[in-house]
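Work through the exercises below with the model open. Try each task before reading its solution.

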Amino acid sequence: MVARTLEEQIAAAEKRVQQLKRRKEAASERALQRMIRGKRSDDTRRKILVGAAILARVDRGEWPREQLLVLLDEFLERDDDRALFSLPPRKSSEG
């Protein structure tokens with residue numbers, strides 16, 4: 001059995017270091033993606049809960065439905081979102 005030269009050993013070690021660096025970068029990217037998904041999920045949950053709280057007040061008559069519709073009319077831009085609340089489509093800025 002022929003012993004590897006020092007250059008071959010160094011080349012093999014450098015290759016292994018590069019492989020380990022790629023694995024480390026991939027693991028870091030996966031961790032970052034998990035964190036982003038978690039934050040996005042938390043944000044979605046907050047929005048749902050805020051909406052539920054407001055709708056409950058409207059349903060109980062503690063907040064006027066008209067006031068909610070004014071708020072939504074100012075906030076919602078997409079026509080399909082506006083249609084959920086029977087709001088008219090936005091006027092197109094073209095033309």
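**Exercise 1. Contacts of Leu87**

Which residues does Leu87 touch, not counting residues up to four places away in sequence?

Solution. The model is a predicted one. Set aside the sequence neighbours of Leu87, up to four places away. The residues that Leu87 then touches are Leu69, Leu72, Asp73, Leu76 and Arg82. Leu87 belongs to the largest nonpolar core, together with Val58, Leu68, Leu72 and Leu76. That core has 5 residues. As general background, nonpolar side chains tend to be buried together in soluble globular proteins.

**Exercise 2. Leu76**

Locate Leu76, then decide: is Leu76 buried or exposed?

Solution. Start with the element. Leu76 lies in the loop between helix H2 (65–75) and H3. Now take the accessibility. Leu76 has a relative accessible area of 11%. The cut-off for buried is under 20%, so a residue below it counts as buried. Leu76 is therefore buried. Then list its partners. Beyond the neighbours within four places in sequence, Leu76 is in contact with Asp81, Arg82, Phe85, Leu87 and Arg90. Finish with a distance across the chain. Glu14 is 62 residues from Leu76 along the chain, and their C-alpha atoms are separated by 56 Å.

**Exercise 3. Arg82**

Describe the setting of Arg82, and find which backbone oxygen lies 3.0 Å from a polar atom of its side chain.

Solution. First, the element: Arg82 sits in helix H3, residues 79–83. Second, the burial: with a relative accessible area of 2%, Arg82 is buried. Third, the polar pair: the oxygen belongs to the backbone of Leu76. Fourth, the contacts. Not counting residues up to four places away in sequence, Arg82 touches Leu72, Asp73, Leu76, Glu77, Leu87, Pro88, Pro89 and Arg90.

**Exercise 4. Salt bridges**

How many salt bridges does the structure hold?

Solution. The structure holds 7 salt bridges. Side chains of opposite charge can pair when their charged atoms come close.

- Glu62 and Arg57: their side chains meet in a salt bridge, 3.5 Å from N to O. Glu62 is partly exposed at 45% relative accessibility. Arg57 is also partly exposed, at a relative accessible area of 46%.
- Glu62 and Arg60: the closest N and O atoms of this salt bridge are 2.9 Å apart. Arg60 has a relative accessible area of 53%, so it counts as exposed.
- Asp81 and Arg78: here the closest N and O atoms of the salt bridge are 3.9 Å apart. Asp81 is partly exposed at 25% relative accessibility. Arg78 is partly exposed with a relative accessible area of 49%.

One network remains to be noted. Asp43, Arg46 and Lys47 are joined into it by salt bridges that share partners.

**Exercise 5. The whole chain**

What radius of gyration does the chain have, and what would a compact globule of 95 residues have?

Solution. Count the elements first. The chain has 3 helices and 0 strands. From the N terminus on, the order is α-α-α. A compact globule of 95 residues would come out near 12 Å, but the chain has 28 Å. Check the extents: the C-alpha trace spans about 85 × 40 × 15 Å along its principal axes. Then turn to burial. Of the 95 residues, 6% count as buried. Last, the surface: the chain exposes about 8,800 Å², and carbon and sulfur atoms supply 56% of it.

Technical notes:
Residues are numbered from 1 along each chain as its sequence is written. This is a predicted model: local features need pLDDT of at least 70, side-chain atom pairs count only at pLDDT 80 or more; totals for chains, interfaces and linings use all residues. Side-chain values use heavy atoms; hydrogens and water are left out. A nonpolar core is a set of buried Ala, Val, Leu, Ile, Met, Phe, Trp, Tyr and Cys residues joined through side-chain atoms within 4.5 Å. Buried means under 20% relative accessible area, exposed over 50%, partly exposed in between (1.4 Å probe, protein chains only). Contact means heavy atoms within 4.5 Å. A salt bridge is a side-chain nitrogen of Lys or Arg within 4 Å of a carboxyl oxygen of Asp or Glu. Helices (H or I, at least four residues) and strands (E, at least two) are DSSP runs, numbered from the N terminus. A polar contact is a pair of N or O atoms within 3.5 Å; within protein, one must be able to donate a hydrogen and the other to accept it, and residues adjacent in sequence count only if both atoms are side-chain atoms. The radius of gyration is taken over C-alpha atoms; the globule rule is 2.2 Å times the number of residues to the power 0.38. Accessible areas come from the Shrake-Rupley method with a 1.4 Å probe; for residues, only the protein chains shown count as cover.
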